[in-house]
Amino acid sequence: MAPLVETKFTRFPDGELYLKCGELDDETLIVSSIVDNDMFMQTLLAIDAADQSRNTLVIPYLGYSRQDKRFSPGEPISARAVARALSTGIERVYVVNIHDPGVLGHFGVPAKNVTIAPAVGGYVGDLRLKNPLVLAPDEGAIDFASDVAAVGGWDCDHLEKTRLSGEEVRIAPKTIDAAGRDVVIVDDIISTGGTLATAACMLRERGAASIHAACVHGVLTSGAYTRLRAAGVSSVVSSDTYENASSFISAASAIVTAIREDAHR
């Protein structure tokens, strides 16, 4: 077992952050979720404090990663800016279920995406649902949903939005009928939960027996948890990459496995 180094964070009167860590050896593993601007700055300070060590950086949640392209002139590619900044003083990076794996190419060092789909699948199994239907919220998330469903050999599909008229839109599974099924919607991240809440309402209208939501990163901003529960979602869970009251799934085992695999190569 690797020793845990005590690290103290304080703030100067002018608002600037201060960090002091204990004694380090010649190899350091820095674990930090970039959930806000302070955590980004604290991570940079921690890396610099370990400048006499060979450092590996684990980022369970990488903030700014969804701004992965320039959507209009004058915008930064925020994911690139953050990745570049976090590459200095680091030999290798691990990120958990990044929204777009292409972002890893912006790091100046080898970077790996670690999936915790099996852990999410383990949670689905713990629900003890009879013949659950695992759903991705869109086609882009089907690979993640398929990996979750593979844990129990469950049916898997993705939600498809169909415009019926200028004002009416239907959201339903593409190929598998949800009527009478216990449905689990899985994704890498739940932020505002708006689309998922709309989907949950429509699934219940189409006869779903129950609806659950599970994700890796439970950002759950702007009242997302309350919104989902009000839409009829029976349970909302996430992992500890973005810690909150819904964090019931651990990413630790998958991270450790990835690091050990690389260490033995």
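On a 1 Å grid laid over the protein atoms alone, a pocket is an open set of points with protein on both sides within 12 Å along at least five of seven lines, a cavity is a set of points where a 1.4 Å probe fits but cannot get out, and lining residues are those with an atom within 4 Å of a point. The structure is a predicted model, in which local features need pLDDT of at least 70 and side-chain atom pairs count only at pLDDT 80 or more, while totals for chains, interfaces and linings use all residues. Residues are numbered from 1 along each chain as its sequence is written, and side-chain values use heavy atoms, with hydrogens and water left out.

The largest pocket is lined by 40 residues, and Thr28, Leu29, Ile30, Val31 and Thr56 are those nearest its centre. Two or more lining residues come from each of strands S1 (7-11), S2 (17-21), S3 (27-31), S4 (54-59) and S5 (92-96) and from helices H1 (37-49) and H7 (252-263), where helices (H or I, at least four residues) and strands (E, at least two) are DSSP runs numbered from the N terminus. H7 gives the most, with seven residues. The volume of this pocket is about 1,500 Å³, a volume being the space filled by probe spheres set on the grid points, which are joined across faces, edges and corners. By class, its lining has 24 nonpolar, seven polar and nine charged residues; Ala, Val, Leu, Ile, Met, Phe, Trp, Tyr, Cys and Pro count as nonpolar, Asp, Glu, Lys and Arg as charged, and the others, Gly among them, as polar.

The second largest pocket holds about 660 Å³ of space and is lined by 27 residues, of which His99, Asp138, Ala141, Asp187 and Asp188 lie nearest its centre. Helix H4 (142-150), strand S8 (155-163), strand S10 (182-190) and helix H5 (194-205) each give two or more residues to this lining, and the largest share, four residues, comes from S10. The lining of the second largest pocket divides into ten nonpolar, ten polar and seven charged residues.

His217 is found in strand S11 (residues 210-218), and it counts as buried because its relative accessibility is 3%, buried meaning under 20% relative accessible area, exposed over 50% and partly exposed in between (1.4 Å probe, protein chains only). Leaving aside residues up to four places away in sequence, His217 touches several residues, among them Tyr61, Asn97, Asp188 and Ser238, a contact being heavy atoms within 4.5 Å. The side chain of His217 also reaches the backbone oxygen of Asn97 at 3.1 Å.

The buried residues of helix H3 (residues 117-126) are Ala117, Val120, Gly121, Tyr123 and Val124. Seen down the axis of H3, these residues fall within an arc of 155 degrees, so they line one face of the helix; the arc is that of the directions from the helix axis to the C-beta atoms. On the other side of H3, Pro118 and Asp126 are exposed. The cover over the buried residues of H3 includes H4, S10, S11, strand S12 (235-239) and strand S13 (247-249).

Technical notes: Polar contact = N/O pair within 3.5 Å; in protein donor to acceptor, adjacent residues only side chain to side chain.
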